[in-house]
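Q: Hi, I'm new to this one. Could you walk me through it?
A: Happy to, here it is.

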Amino acid sequence: MFLYNLTLQRATGISFAIHGNFSGTKQQEIVVSRGKILELLRPDPNTGKVHTLLTVEVFGVIRSLMAFRLTGGTKDYIVVGSDSGRIVILEYQPSKNMFEKIHQETFGKSGCRRIVPGQFLAVDPKGRAVMISAIEKQKLVYILNRDAAARLTISSPLEAHKANTLVYHVVGVDVGFENPMFACLEMDYENDLDDPERGMIFVCSATHKTKSMFFFLAQTEQGDIFKITLETDEDMVTEIRLKYFDTVPVAAAMCVLKTGFLFVASEFGNHYLYQIAHLGDDDEEPEFSSAMPLEEGDTFFFQPRPLKNLVLVDELDSLSPILFCQIADLANEDTPQLYVACGRGPRSSLRVLRHGLEVSEMAVSELPGNPNAVWTVRRHIEDEFDAYIIVSFVNATLVLSIGETVEEVTDSGFLGTTPTLSCSLLGDDALVQVYPDGIRHIRADKRVNEWKTPGKKTIVKCAVNQRQVVIALTGGELVYFEMDPSGQLNEYTERKEMSADVVCMSLANVPPGEQRSRFLAVGLVDNTVRIISLDPSDCLQPLSMQALPAQPESLCIVEMGGTEKQDELGERGSIGFLYLNIGLQNGVLLRTVLDPVTGDLSDTRTRYLGSRPVKLFRVRMQGQEAVLAMSSRSWLSYSYQSRFHLTPLSYETLEFASGFASEQCPEGIVAISTNTLRILALEKLGAVFNQVAFPLQYTPRKFVIHPESNNLIIIETDHNAYTEATKAQRKQQMAEEMVEAAGEDERELAAEMAAAFLNENLPESIFGAPKAGNGQWASVIRVMNPIQGNTLDLVQLEQNEAAFSVAVCRFSNTGEDWYVLVGVAKDLILNPRSVAGGFVYTYKLVNNGEKLEFLHKTPVEEVPAAIAPFQGRVLIGVGKLLRVYDLGKKKLLRKCENKHIANYISGIQTIGHRVIVSDVQESFIWVRYKRNENQLIIFADDTYPRWVTTASLLDYDTVAGADKFGNICVVRLPPNTNDEVDEDPTGNKALWDRGLLNGASQKAEVIMNYHVGETVLSLQKTTLIPGGSESLVYTTLSGGIGILVPFTSHEDHDFFQHVEMHLRSEHPPLCGRDHLSFRSYYFPVKNVIDGDLCEQFNSMEPNKQKNVSEELDRTPPEVSKKLEDIRTRYAF
């Protein structure tokens, strides 16, 4: 079995964030690291929306990031410390949209080691030196400089080692142009590291420095931000001042941008961009100073409050951490949805992910009837925004002007008494309207020129751009017009008779600096598309033809996939490829490359979009042309980070559309659906899923789906937390203490304060929940409707009861009733581990699975960490005991048990008579249940220790599992495995139970090993697209979603193996880690090809692409077609 790994949704958790001017312009940008991914974000200073410019997988663990700029430079470089044992300096190249590796210096072994530098980076503020440090012992300093050609140079490292110390942090000190100096926060081994009496700790900070002032923002572990300023006398700091600023979710990194934004990369959950509205200097907040005297044991108090100095401007969705996921089509939409339990504590949510782009509705307005088409036009070629929306009905045309509001106008020069076939800006400032009886050319001074159709003929189809108009008359006759330098439309002398009726036509936009578009595409009734030349030398001569499987419905020629280039005059344009998109009547979209010289058609890709004929519209997205394709669903085909994306819009069916640009919405779409006109915006390009989030109270651990009602039963558990009841009790108690502690004369004031304290209700999702201390647990069991997201029932467990497992099952002795079993631990202390026992709560599902009716609770002696239905009974893993229980009147009745599992059962899978148990650190154990003798007998296990987090059965002999170090494996029993084993052939098994060398006599074989690089917490075998093949879907703790798909043929596998091999040598990972050794971090990679590496083929330089594809005996388009095909066969 050979598998191919593909990432569907890259990790969304952020571990580091730095800011600077990486593209060399004045724009502020942010570089974030997401574990093994580097991403460049640009917040738009006007709208505050954050756009992703570039995402690169580095196939290594990013341990530290720093931005620096050389003295007097205008561009920031990025220093990366990773697990590669190398220091890497990157520069962002905006023209190629890529990170270029400028320097890579090796200094140590690879891997995350204690004494190999890479964990900490510090930069001299003047950009003269960079220090890279290990957690222990080693520190290296590199001196940075310029050579004669102004390129960055780097010196040999200077050593600054110090033995027997642990480093907490390193920072460059601003000493002006004195010798660079670094400050290190260190601790000797001798001192005890764990401080039981510690107070509040600061977890993250940001610095803001201008010529006149500087301040720090520091955040505590509760999420409160303080503004810190220093009072100085000459060069001496005389006091430190601290002032409460605002409270935001706890961050892993914060950046204060020069444009007045604060970027908060949350530790868990969504990330935020805030505008700093006030610096908080002139408010009533008390200021604390290091000069204020404090008695021993006293402390300063402050009052958290809603945001005052910050204003939220953008929110970046983040799934991190994904704790559990199930994929099912509970909403009956043909395509399954992903139900993802994510987040932590009060910021948890259940998110429903659907494949598609999120659509924001800007406006919806009713129209007097059902229109059949819509266009937008500008008044002048230089205009940034559109001036008119033209809506065509069966017998009339409505012209709306775009301003503050959209209203009807009558003096635009358009003919309103006829339907419109097309309209466009012509030349610099004229408009053209094509209608069935002719062409109307409206000049800027409102003069109108008309061209009428000859005789009884009418115009059936037309194609227009800025300088050309082509119309098709009844009977398949083409008439071509071109604009002359004086702005007149001139008809070309000859007309062209086509062999059949014309059903659709398309012209490309006129390329910058040229007179005309050279090609016209015409689709005919006889299932062909023809390319016709419009060059004066061979005007209206056919160039090429393509036969189609069905009749074409619409055509669209676009230029896509170009990188922005500046030509000699400094004009910015993009040089891409010309693509002819063909929408067929059977719902298929074809994309074909159109040769810009000969007009030949080659390299056709097909995708099935839906059940209705496909209509195509050209729109602009992120400054490039894109195609909106409408069938029973609408799809957007666009190029994003040097890869083509074809993504459905998560929106109702549309019928006709056009690009739309206004001040509020610079890249929108105006569309019609039945009798409404809608203005839409697509802001999250590049996103694979759109998500709906339903908030939860505590961290969700697991959920099950009730098969009949499709409701979810979720268990949520938090450590270090209070239940609602305890919280209310504690509040009451504190209020009473406040009153008691006050003296006689302050009683009334204290009573008022206590009342205010009881009434104050700060939302925990923003301010965090109160910390209860070690060994304190809070849990709820929630029944939720996953489509509406409403909670149908909520059961609060008592303080210090922690729910760990849940199952929904039927018992053979109770008929059709469904029961929910929840495994709960009592008074669990994690370190040193102790537990007061556990319970299995049994609930009966009533009202069609909408309510939980408590039946009984069964005490057990350890934590019930896994429950699985089994042959009309239930299997429960109690600590390391595997037991079969049946339902009784007062409690569950134990029927059978096995005591030979090594440590702790973390999961149970069942198939037939077999039970596959995953142990917390000893991988998988295969158990056979013998009905007649009522025994659970171990018959096989694995040869490697694995710290299994999740498992999924692939077939009767094969199981896929993931461990907590980020590996996925597939383990299979050999074909000769016998599960009819007796534990002991001598017959005295009743006397004692023997373990054979602590293991079973039969061993499983490893089929595949692969290091994902992020802890995988759910695995499921499923199909993601209707009609697709099955794949193994995994989700990770950092919010990533990926799939492993099997190869169907040997030649495919062979081909991809070669692609991977060439890419490893031609395109090594950015941060210097070896790709093969990264994917073999814990176990040598086996039988998996890394699709993420193969897909970097598309972002390689063209000459390298050519070299690699020649080695494979292919052309570059054929290689990228293979890469696209395997992706679309299984997923998106």
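Q: Which strands form the open sheet, and in what order?
A: In this predicted model, 4 strands form an open sheet, with antiparallel pairing, in the order β76-β77-β78-β80. Strands are DSSP runs of E, at least two residues, numbered from the N terminus, and two strands pair if DSSP finds at least two bridges between them.

Q: Which strands stand at the edges?
A: β76 (948-953) and β80 (1005-1011) do; each has a single partner strand, so one side of each is left without a neighbour in the sheet.

Q: How many bridges join β76 to β77?
A: There are 5, and β77 covers residues 958-963. Val 948 has Asp 963 in β77 as its bridge partner.

Q: New topic: how many cavities are there?
A: The count is 4 cavities of 30 Å³ or more. A cavity here is a set of points, on a 1 Å grid over the protein atoms alone, where a 1.4 Å probe fits but cannot get out; lining residues have an atom within 4 Å of a point. Points are joined across faces, edges and corners, and a volume is the space filled by probe spheres set on them.

Q: What volume does the largest cavity have?
A: About 100 Å³. Of its 17 lining residues, the closest to the centre are Thr 7, Lys 36, Val 1012, Glu 1014 and Tyr 1034.

Q: Which element gives the largest share of that lining?
A: β1, with 3 residues.

Notes
Residues numbered from 1 in each chain as written. Predicted model: local features only at pLDDT ≥ 70, side-chain atom pairs only at ≥ 80, totals over all residues. Heavy atoms only, no water. 1 Å grid on protein atoms, 1.4 Å probe; cavity = no way out; pocket = protein on both sides within 12 Å on 5 of 7 lines; lining within 4 Å.
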